[in-house]
Amino acid sequence: FLATRLRDLLHECVVSPASEEGARITEAARLLHGAARAGLIVPSAAFDPEAVAELAARGGPESAVLALMGPRSAFMLSRGGTGTCLATAVLPCGMLEASAEAGTPALALLAAHISALLIAGDPQDRTESAFAGAGPRLN
């Protein structure tokens, strides 16, 4: 279930307009917080999902996504002349990175982070997992 929901959220981040940015960030905060509490993932950082949602709603979407990612996660973010944003996120283990494109910097960064988590959860594509007990529990 978690991997499916993360894939859906990844797609939603990529196709969402800027007006839905806060909703995607809030959804990600609640999903990742719940998954961490259930022991399905090892979180990059401890965070309060309501505080992250409030930060996004008050005009700090990039800061909200960075709070989800945690201070040990690395990232690179760029925006082209046409407004398209590209982000690369690296999980704290330093061995897993993913890139994503979206309509806003925060959505691109969130999509890249979710992509990295999905790669971490795939036994075929990982060396160190962000998922606790990755494998059959994810589906």
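Arginine 24 is in contact (heavy atoms within 4.5 Å) with Leu9, Glu12, Cys13, Ser16, Leu107 and Leu110, leaving aside its neighbours within four places in sequence. Arginine 24 is placed in helix H2; helices (H or I, at least four residues) and strands (E, at least two) are DSSP runs, numbered from the N terminus. Its relative accessible area is 13%, so arginine 24 is buried; buried means under 20% relative accessible area, exposed over 50%, and partly exposed in between (1.4 Å probe, protein chains only).

This is a predicted model, in which local features need pLDDT of at least 70 and side-chain atom pairs count only at pLDDT 80 or more, while totals for chains, interfaces and linings use all residues. Residues are numbered from 1 along each chain as its sequence is written, and side-chain values use heavy atoms, with hydrogens and water left out.

**Salt bridges**

- The count comes to eight salt bridges, each being a side-chain nitrogen of Lys or Arg within 4 Å of a carboxyl oxygen of Asp or Glu.
- Side chains of opposite charge can pair when their charged atoms come close.
- Glutamate 12 forms a salt bridge with arginine 24, with the closest N and O atoms 3.7 Å apart. Glutamate 12 lies in helix H1 and arginine 24 in helix H2, so this pair ties together parts that are twelve residues apart in sequence.
- Glutamate 12 also forms a salt bridge with arginine 5, where the closest N and O atoms are 3.3 Å apart. Glutamate 12 is partly exposed at 23% relative accessibility, whereas arginine 5 is buried at 17%.
- A network of salt bridges links Arg5, Asp8, Glu12, Glu20, Arg24 and Glu27.
- Arginine 30 and glutamate 50 meet through their side chains in a salt bridge of 3.1 Å, N to O. This pair links distant parts of the chain, with arginine 30 in helix H2 and glutamate 50 in helix H3, 20 residues apart.
- Arginine 30 is partly exposed at 45% relative accessibility, and glutamate 50 is partly exposed at 42%.

**Nonpolar core**

- A nonpolar core is a set of buried Ala, Val, Leu, Ile, Met, Phe, Trp, Tyr and Cys residues joined through side-chain atoms within 4.5 Å.
- The largest such core has 41 residues, of which Ile25, Leu110 and Ile114 touch the most other members.
- Two or more residues of this core come from each of helix H1 (2-15), helix H2 (21-37), helix H3 (49-57), helix H4 (61-69), strand E2 (85-90), strand E3 (97-102) and helix H5 (105-121). H5 gives the largest share, twelve residues.
- Isoleucine 114 touches Leu6, Leu9, Leu10 and Cys13, residues up to four places away in sequence not being counted.
- In soluble globular proteins, nonpolar side chains tend to be buried together.

**Cysteines**

- Zero disulfides (pairs of cysteine sulfur atoms within 2.5 Å) are found in a search of the whole structure.
- Cysteine 13 is buried, with a relative accessible area of 0%. Cysteine 85 is also buried, at 0%.

**Overall make-up**

- The protein has five helices and three strands, and from the N terminus on its elements run α-α-α-α-β-β-β-α.
- Of its 139 residues, 47% count as buried.
- Among contacts between residues at least 6 apart in sequence, 50% join residues at least 24 apart.
- The accessible surface comes to about 6,800 Å², of which 54% belongs to carbon and sulfur atoms. Accessible areas come from the Shrake-Rupley method with a 1.4 Å probe, and for residues only the protein chains shown count as cover.
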